[in-house]
Amino acid sequence: MAVSLVNLENVTKSYGTATPLDGVSLGVAFGERVGVVGRNGHGKSTLVRMLTRMEAPDSGRVTHTGGVTVGVLAQHDALNPSRTVREIVLHDRPEHVWAGDARVRSVLAALLPEGDFDRVVGPMSGGERRRVALAALLVDDPDLLVLDEPTNHLDIEAITWLAGHLRERKGALVVVTHDRWFLDEVSERTWEVVGGKVEQYDGGYSSYVLAKAERDRIAAVDESRRKNLMRKELAWLRRGPPARTSKPRFRIEAANALIADEPPARDKLELERFATARLGKNVLDIEDVDLALGDRTLLRRVTWRLGPGDRVGVVGANGSGKTSLLRLLTGELRPGHGRVKRGLTIKVAYLSQEIAEIDPEQRVLPAVEEIARSIDLGRGRSASASQLLERFGFTADKQWAPVADLSGGERRRLQLLRLLMGEPNVLLLDEPTNDLDIEVLQVLEDLLDGWSGTLVVVSHDRFFLERVTDAVYALPGDGSLRHLPRGVDQYLELRGQAAPVALSNPPVVRSAGDTRAAKKELARVERQIEKLTAREAALHDELALHAAEYEKVAVFDSDLRAVVAERERLEERWLELSD
């Protein structure tokens, strides 16, 4: 059994009338990798503060194994503004020591590629400071690494590198993030913080989505909109681009049963037909364009045509010109050469990375209703401003709060909803997933599925990008704009960041006897897995029943880990036999 590093025993934490954690008991063992999900404001960051002892619980106990080292990346850094990058990241390590360590060199090259270690951090941007704080943690390599939104301000290349680095670490990891691709890549367990409790699931995000949908089905509850979105996301995970999780699960048949009647996320041909009716044949054309900022050439003789119903993602390293490309489309920037042609009927809405200013004294619902009181969702559906606010996480009380009282994430949601209420036919989104939790992202994806218009998305969130767009273009940094038929994977290959692909095994010709034997073993393995799954559910019930009896919990936990390990071994065997 793995050594336990941190344990929460019946922990409760309240802030005023809100209780984000209520009697929570859980632990993190050495080598475990846990992803944490849940709605914004429902307790994820509170859980981080409890695990790391940044705050004390109101009741219950938090214990750390003697000598355990814990590293924390909080949402807001506490770096000393007068110190240099070298002092914060490398401390007093002699250069010949850190320069001779391949692990440290890899961290520095990925997160601090400019290599200017004598810069003072005070004048740095928030994104630069974030990279410095993350680099310092990874260089120190603590026993337990707790990361709160680590992918913020990182581009796709850096996120891909970080996922690979964390997979190779031997220490424990707890990561809070809305980046679903990243969750699938790095986590082997998932915690959902909901209603003051922490629900635990085996596997990464894909497995969590399936288990969540299965729980709803088994409980035979009425499916709310949120649960329908979970099924929709499950359907896309199963039907979408492959290899979305590094560890396939046995429950593939169960997943297929759950989504048997779930239609594809969107009808591409129908949306294109509606978009053509709304937009005509011409939308946005970039013709032989040069674009420069200062002495940097972002585009050189680029021609790009966006048609009605096109759904395009744009990727590139930070500073490659993605935001400038969107501003070129809106007309905020003018090309140095060439021209941008705009269709006569287009109505453009642009979501920038900066939060648009709204009168701070204005109330939330009137701020939306001044744009429109309802919106056409397509296929005969419509929704009022109040209904959409509810879907975007604004409760009835919150809808009458002053804008000044909203958090940064809530203002981002309000800004996005105001754009959608204007019913544009061209939508340009610059990092739309910033500050949005997974449930709100699912709502946004659902709205975009039925939206008939031309969409351009700049995002470092690979899951969202692949979920809502049909084509990917890249700004490689050489002045070109390249179409990538294989999407983000092709981009990473071009940038030299893709993980090596294992060569497939040559085909093996098997006899009829081998096939019969495999089918027989397959049936036996399925029966064993069914028994282990039932045993696992029973152990979860026992753990919940005896949560306060620490000796029994330890025994049940040990049994549960053994059951899970055996079931996973059999699942891998099931996949081999199925192939």
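A salt bridge here is a side-chain nitrogen of Lys or Arg within 4 Å of a carboxyl oxygen of Asp or Glu. The model is predicted: local features need pLDDT of at least 70, side-chain atom pairs count only at pLDDT 80 or more, and totals for chains, interfaces and linings use all residues. Residues are numbered from 1 along each chain as its sequence is written, and side-chain values use heavy atoms, with hydrogens and water left out.

**View 1. A salt bridge joins Asp-118 and Arg-86.**
The N to O distance is 3.1 Å. Arg-86 sits in helix α2 (residues 85-90), while Asp-118 belongs to the loop between α4 (102-111) and α5 (126-140), so the pair ties together parts that are 32 residues apart in sequence. Helices (H or I, at least four residues) and strands (E, at least two) are DSSP runs, numbered from the N terminus. Asp-118 is exposed, at 52% relative accessibility. Arg-86 is partly exposed, at 29%. For these classes, buried means under 20% relative accessible area, exposed over 50%, and partly exposed in between (1.4 Å probe, protein chains only). Side chains of opposite charge can pair when their charged atoms come close.

**View 2. Lys-13, Arg-49, Glu-55 and Asp-58 are linked in a salt-bridge network.**
One of the pairs shown is Arg-49 with Glu-55. Their closest N and O atoms are 2.8 Å apart. Arg-49 is partly exposed, with a relative accessible area of 22%. Glu-55 is also partly exposed, at 25% relative accessibility. A search of the whole structure finds 31 salt bridges.

**View 3. An open sheet of 3 strands runs in the order β11-β10-β13.**
The pairing is antiparallel. Two strands count as paired if DSSP finds at least two bridges between them. β11 (296-306) and β13 (337-342) are the edge strands, each pairing on one side only. On average, neighbouring strands of this sheet are turned by 25° against each other, direction ignored. For such angles, axes are lines fitted to C-alpha atoms, for helices over the stretch in contact, and angles run from 0 to 180 degrees between N-to-C directions. Strand β10 (residues 284-293) pairs with β13 over 5 bridges. Glu-287 stands opposite Arg-339 in β13.

**View 4. Helix α12 (residues 322-330) packs on this sheet.**
The helix touches β10, β11 and β13. Contact means heavy atoms within 4.5 Å. The direction of α12 makes about 130° with that of β10. Which residues of α12 are buried? They are Lys-322, Ser-324, Leu-325, Leu-326, Leu-328 and Leu-329. An α-helix has 3.6 residues a turn, so residues three or four places apart point the same way. Gly-331 follows α12 and has a positive phi, near 95°.

**View 5. Arg-301 and Asp-288 meet in a salt bridge.**
The N to O distance is 3.8 Å. Arg-301 lies in strand β11 and Asp-288 in strand β10, so the pair ties together parts that are 13 residues apart in sequence. Both ends are partly exposed: Arg-301 at 44% relative accessibility, Asp-288 at 33%.

**View 6. Strand β8 (residues 189-194) is mostly covered.**
Of its 6 residues, 5 are buried. Strand β3 (residues 33-37) runs parallel to β8, joined by 4 bridges. Here Val-37 has Glu-192 of β8 as its bridge partner. Strand β9 (residues 197-202) runs antiparallel to β8, with 6 bridges between them. Arg-189 is paired with Asp-202 in β9. β8 and β9 form a hairpin, with 2 residues between the strands. In the turn, Gly-195 has a positive phi of about 60°.

**View 7. Arg-462 of helix α17 (residues 462-468).**
Is Arg-462 buried or exposed? The residue is buried, because its relative accessible area is 9%. Leaving aside neighbours within four places in sequence, Arg-462 is in contact with Trp-181, Val-488, Asp-489 and Leu-492.

**View 8. The whole protein has 20 helices and 20 strands.**
Of its 579 residues, 51% count as buried. Among contacts with a separation of 6 or more, 70% come from residues 24 or more positions apart. The protein exposes about 27200 Å², and carbon and sulfur atoms supply 50% of it. Accessible areas come from the Shrake-Rupley method with a 1.4 Å probe; for residues, only the protein chains shown count as cover.
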